Amino acid sequence: MLWGMLTSNGLLTIKLLEGKVKSHDYLHMLQTFAVKLMKLNMRPNFSFVQDNCSIHKTKEVLEYLASQNIQAIDWPARSPDLNIIETMWKVMSDIVYEDGQPKTLTDLKKKIVDAANTINLEKRNIIKNLYMGFRHRLTTVLKSNGCLFK
């Protein structure tokens, strides 16, 4: 599994996770890694957007985020048009597969890490532009009755 986080300063952070991730695994990652990274890279009073994965919405996770003064946005189900990380997954996928299908799992993992590094070194403007255009995305979805891409 691949977990990713975007910050408004244009950074993509990824974690390659082995096996099925349970809510306590996700909570541990928040406690030991992700929240510290958020606080270093985000402005005060930022909002944290997660998708509707069940491990993101457990009582323990939401209580922990609240204890850290992090507002977790209640995100609508099936909303890829709004979630800017979906756009970054496409950018990342294009980089990973630009030279064809990786032959092994090890090759795939290396290509994923290399793609994230390429984005952070050469394509941070894509992430910054996604953040700057977020209000426009929301407005467009509202005006078009729930669809950004027609």
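The structure holds four salt bridges, a salt bridge being a side-chain nitrogen of Lys or Arg within 4 Å of a carboxyl oxygen of Asp or Glu. This is a predicted model, in which local features need pLDDT of at least 70 and side-chain atom pairs count only at pLDDT 80 or more, while totals for chains, interfaces and linings use all residues. Residues are numbered from 1 along each chain as its sequence is written, and side-chain values use heavy atoms, with hydrogens and water left out.

**Salt bridges within helices**

Helices (H or I, at least four residues) and strands (E, at least two) are DSSP runs, numbered from the N terminus.

- Lys59 forms a salt bridge with Glu63, with 4.0 Å between the closest N and O atoms; both residues lie in helix 2 (residues 59-67), four residues apart, about one turn of the helix.
- Asp94 and Lys90 form a salt bridge whose closest N and O atoms are 2.6 Å apart, and both belong to helix 3 (residues 84-96).
- In helix 4 (residues 105-122), Asp114 and Lys110 are four residues apart, and their side chains meet in a salt bridge of 2.7 Å, N to O.

**Exposure of the partners**

Relative accessible area (1.4 Å probe, protein chains only) defines buried as under 20%, exposed as over 50% and partly exposed as in between.

- Lys59 is exposed at 58%, whereas Glu63 is partly exposed at 45%.
- Asp94 is partly exposed at 42%, and Asp114 is partly exposed at 33%.

**The hairpin**

Two strands pair if DSSP finds at least two bridges between them.

- Strand 1 (residues 2-6) pairs with strand 2 (residues 12-16) in the antiparallel sense over five bridges, and Leu2 stands opposite Leu16.
- Five residues separate the two strands of this hairpin, and Gly10 in the turn has a positive phi of about 95°.
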